[in-house]
Amino acid sequence: MKVTYYGHSCFLVETAQARLLIDPFLTDNPLASVAAADVKCDYVLLSHGHEDHTCDALEIAKANDATIVANYEIAEYFGAKGAKSHGMNPGGGHDFPFGRVKLTIAHHTSSLNAGLNPIYLGVPCGIIVEADGKRLYHAGDTALFLDMQLIGKGGLDLALLPIGDNFTMGPADALDALDLLRPRLAAPMHFNTWPPIAQDPQAFVAAAAERGHIVKALNPGDTLVV
Ligand code: NI
Ligand code: MN
């Protein structure tokens with residue numbers, strides 16, 4: 001399983017049989033390492049409705065004839081706009097041709113067009129991908145929650161965790177998340193895109209190492225193989 005970081009919470013996960021794009025936020029992210037028009041994928045997985053996770057989803061899904069996989073409301077929303085979509089909900093898993101996707105709980109919100117007329121699109125989720133004998137957890141945007149123990153129980157080859165604070169858990173809670181999840185490897189996400197989520201990823205890596213966790217801080221464009 002090859003995982004490429006595109007910035008913020010966006011990753012391309014390449015399995016033996018499919019390319020999965022998670023939480024595309026490229027066009028409006030000056031730190032993104034790829035342009036939306038250059039992304040090639042077969043599936044677009046979305047953790048929740050916020051624009052910094054979904055803004056390029058429709059365009060990329062249509063351009064690639066890719067299937068959007070998300071909670072039921074988000075899947076229906078993009079389905080109504082002409083994308084192929086597959087709706088799920090927390091606790092539910094589905095066997096796709098490339099492997100299994102399961103949605104988990106996350107503590108956050110899930111609106112689109114926040115402002116005077118926000119559209120609330122279901123509940124926020126985390127995403128577990130099982131493919132090629134590997135198990136990946138993308139936490140989406142979330143607070144720390146004790147049920148992460150259950151997510152880690154099946155063994156995790158890679159956990160992608162927000163550390164930005166303000167909108168999601170910050171570094172201190174993300175360290176506790178590592179204690180609950182116990183992944184073989186983790187990478188921080190959702191930091192340094194804007195001033196309110198400014199963090200030092202290397203300080204997080206060092207603090208995690210003190211607790212016995214292996215964390216790699218990725219720059220946009222970096223790739224991991226797990
Ligand atoms: Ni969010
Ligand atoms: Mn976010």
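User: Which residues coordinate the nickel ion (ligand 1)?

Analyst: Happy to start there, with the note that this is a predicted model. The donor atoms lie at 2.1 to 2.3 Å from the nickel ion (ligand 1). Along the chain, its donors follow the spacing H-x1-H-x57-H-x32-D. With their atoms, the residues are His48 (NE2), His50 (ND1), His108 (NE2) and Asp141 (OD).

User: What is the arrangement of the 4 donor atoms around the nickel ion (ligand 1)?

Analyst: The angles settle this one. Around the nickel ion (ligand 1), the 4 donor atoms subtend angles of 89 to 174°, which makes the arrangement irregular.

User: Histidine 108: buried, partly exposed or exposed?

Analyst: Good one to check on the structure. Histidine 108 sits in the loop between strand S8 (99-105) and strand S9 (111-112). Buried means under 20% relative accessible area, and exposed means over 50%. Histidine 108 has 22% relative accessibility, so it counts as partly exposed.

User: And aspartate 141, buried or exposed?

Analyst: Aspartate 141 lies in the loop between S12 and H4, so together with histidine 108 it ties together parts that are 33 residues apart in sequence. Its relative accessibility is 2%, so aspartate 141 counts as buried.

User: Which residue coordinates both the nickel ion (ligand 1) and the manganese ion (ligand 2)?

Analyst: Let's compare the two donor lists. The manganese ion (ligand 2) has Asp52 (OD), His53 (NE2), Asp141 (OD) and His190 (NE2) as protein donors, at 2.1 to 2.2 Å, while the nickel ion (ligand 1) has His48, His50, His108 and Asp141. The two ions are 3.1 Å apart, and the residue coordinating both is aspartate 141.

User: How many residues apart are aspartate 141 and histidine 190?

Analyst: The manganese donors follow the spacing D-H-x87-D-x48-H along the chain. Aspartate 141 is in the loop between strand S12 (134-138) and helix H4 (148-153), whereas histidine 190 is in the loop between strand S14 (186-189) and helix H6 (201-210). Both residues are buried. This pair links distant parts of the chain, 49 residues apart.

Conventions:
Residues numbered from 1 in each chain as written. Chains lettered and ligands numbered in written order. Predicted model: local features only at pLDDT ≥ 70, side-chain atom pairs only at ≥ 80, totals over all residues. Heavy atoms only, no water. Donors = N, O, S within 2.8 Å, 3.2 Å for Na, K, Ca; no water. Helix = DSSP H or I, 4+ residues; strand = E, 2+ residues; numbered from the N terminus. Buried < 20%, exposed > 50% of the residue type's maximum accessible area, 1.4 Å probe, protein only. Tetrahedral: all angles 85-135°; square planar, octahedral: opposite > 155°, others 65-115°.
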